[in-house]
Amino acid sequence: MLMLLAIISGVITHKRIFKDFFTFRPNKGQRSWLDAHNALSVMALPFFLMITYSGLVFFLFLYMPAGRDMLYGSGPMANKTYYDELLDRVHERLPVQRPRADLAALVAQAQSQWGGAGVGSVTLEHRKGEAPVITVAGMHQGSVDFFNPPRLRFDANTAAPLAEELVAGGSARKVQVVTLNLHEGLFADIWGRWLYFLAGLAGCAMIATGMVLWAVKRRRHHLSLAGEYRQTLGLRLVETLNVATIAGLPLAIAAYFWANRLLPTGMAGRADWEIHTLFAVWLAALFYALARPLARAWIELCGLASAAYLAVPLLNALTTDRHLGRSLASGDWVFAGFDLTMLALAAVLAWMAVKLRRRLAVTEQGLPAGQALDKEGA
C-alpha cells in the first residue's frame with residue numbers, strides 16, 4: 001500500500017518526469033544519477049503500477065476482511081469454509097476407476113473442436129452422488145485467464161458430452177483471477193517473462209538510484225553548512241543501509257542459491273534453512289558495512305557478490321549433472337538460462353566494483369574535499 005502511494009505521489013511530485021525521460025547526460029556525477037533515476041521510473045511505470053495494485057489483490061482479505069467475515073464469520077473454521085467453497089472443495093470425492101470411455105477419442109475430439117490446439121490435461125473425478133466425469137483442458141494460449149483454459153466435460157462411462165461447469169464466483173472471481181495472473185505473469189511466454197524480469201530489475205535500479213541520490217544530496221547539504229564535511233549519525237546510518245541493501249542483498253540472494261546446492265538433501269527443514277541463510281548473510285553484510293569505510297564497503301561487497309554469482313554455475317556443475325555445458329548441448333534453456341543469468345549478474349557486479357574502485361582511486365590522489373566527496377558519493 002505504501003509503495004502504491006509512493007508511486008502515485010512520485011508522479012504528481014515530479015512534474016518534469018516525462019520530459020526528463022528523454023534526457024540523459026553521462027559522466028555528470030549526480031546529474032547522471034538523477035537522469036537514470038527519471039528514465040528508469042518512467043520506462044517501467046505501467047509495470048510498477050500493475051504489479052503493486054495486483055499484489056494488493058493477493059492480500060485483499062488480510063486488510064479488508066469485513067466482507068468475507070459477514071458471510072462466513074471469523075476464525076480458522078470460517079476461513080476453511082470460505083476456501084473450500086472458493087476452490088470447489090465442498091464436494092466429497094470417491095475413488096476413481098479406469099473409465100469405460102475411449103480417452104484417445106475424447107482427446108482427438110477436443111483437439112478437433114479447438115482447431116488442432118494441444119491438450120494440457122485430462123482429469124478424471126467422481127463426486128459422490130454423480131457419475132464419474134472426464135475433463136479435457138486445452139493448452140494455455142496466452143490468455144490472462146490462465147487458470148481457466150477451454151474445457152470439455154464427458155461422462156466417463158458413456159463418453160456423452162456434458163454441460164460446461166460454471167466457475168464459482170462469477171464476474172468478481174474472473175476479475176480476481178485475471179489480476180492475479182497479471183501479477184504472476186503466468187499468461188506470458190518466455191519473452192514476456194523476460195520483460196517482467198527486466199522491468200523488475202528496473203524497479204530495483206529506480207529505488208537504488210533514489211537512495212544514493214538522497215544520501216549524496218544530504219552530504220552536500222552538511223558540507224555547505226559546516227564548510228567541511230562532518231558526517232552525522234543519521235546520515236552514516238542511511239549510507240550504511242544503502243550499502244547493505246544495494247550491494248548486500250544481491251550477495252544474500254547468491255548465498256541462497258549456494259545453500260540450495262550445498263545443504264544436504266535429507267536435512268530437516270532444508271527449505272527453511274535456505275531462507276535462513278539468505279537473511280543471515282544479509283545481516284552479516286550490514287555489520288560488514290558498519291565496520292568498513294563507506295567507499296571500501298561498496299567495492300568489497302560488490303566484488304564479493306560478483307564472485308558468489310560467478311560460483312553458482314560451478315556449484316551447480318559440481319553437485320548435479322545439469323551443468324551449463326550439458327544444458328546448452330541439449331537445448332534446455334530453463335537451466336542454461338539460469339546459469340547464464342548468474343554469469344551476467346556476476347559481470348554487472350564486477351563492473352560496478354571496478355567502477356567504484358577507479359572513482360576511489362581518483363579521490364585518493366588529493367582532489368579538493370568537495371570534489372572528492374562528489375566522486376565518492378556518486
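**Entry 1: the nonpolar core.** I looked up the largest nonpolar core of this predicted model. That core has 23 residues, and those with the most contacts inside it are Val243, Trp298, Leu301 and Tyr309. I then listed the elements that give two or more residues to this core: helices H10 (190-226), H11 (233-246), H12 (248-262), H13 (270-291), H14 (294-319) and H16 (333-363). Which helix gives the most to this core? I found that H14 does, with nine residues.

**Entry 2: Leu301.** I set aside the neighbours of Leu301 within four places in sequence. Leu301 is then in contact with Val243, Ala247, Leu251, Ala285 and Tyr288.

**Entry 3: another core.** I noted a core of 13 residues lying apart from the largest one. Among its residues are Ile7, Leu40, Phe48 and Tyr196.

**Entry 4: helix H4.** I checked the length of H4, residues 45-58. At 1.5 Å a residue, its 14 residues should span 20 Å, and the end C-alpha atoms are 20 Å apart, so the two values agree. I also looked up which residues of H4 are buried; they include Leu45, Phe47, Phe48, Ile51 and Leu56.

**Entry 5: H12 against H14.** Two packed helices are described by the angle and the distance between their axes. I found that the axes of H12 and H14 come within 9 Å and cross at roughly 20 degrees. Angles under 35 degrees count as roughly parallel, so H12 is roughly parallel to H14. The crossing of H12 and H14 is left-handed. The residues making the contact include Leu251, Phe257 and Trp258 of H12, and Leu301, Tyr309 and Val312 of H14.

Definitions and conventions: Residues are numbered from 1 along each chain as its sequence is written. This is a predicted model: local features need pLDDT of at least 70, side-chain atom pairs count only at pLDDT 80 or more; totals for chains, interfaces and linings use all residues. Side-chain values use heavy atoms; hydrogens and water are left out. A nonpolar core is a set of buried Ala, Val, Leu, Ile, Met, Phe, Trp, Tyr and Cys residues joined through side-chain atoms within 4.5 Å. Buried means under 20% relative accessible area, exposed over 50%, partly exposed in between (1.4 Å probe, protein chains only). Helices (H or I, at least four residues) and strands (E, at least two) are DSSP runs, numbered from the N terminus. Contact means heavy atoms within 4.5 Å. The expected span of a helix is 1.5 Å times one less than its number of residues. Axes are lines fitted to C-alpha atoms, for helices over the stretch in contact, and angles run from 0 to 180 degrees between N-to-C directions. Angles under 35 degrees count as roughly parallel, over 145 as roughly antiparallel, 65 to 115 as roughly perpendicular and the rest as oblique. A crossing is left-handed if the near helix is turned anticlockwise from the far one by less than a right angle, and right-handed if clockwise.
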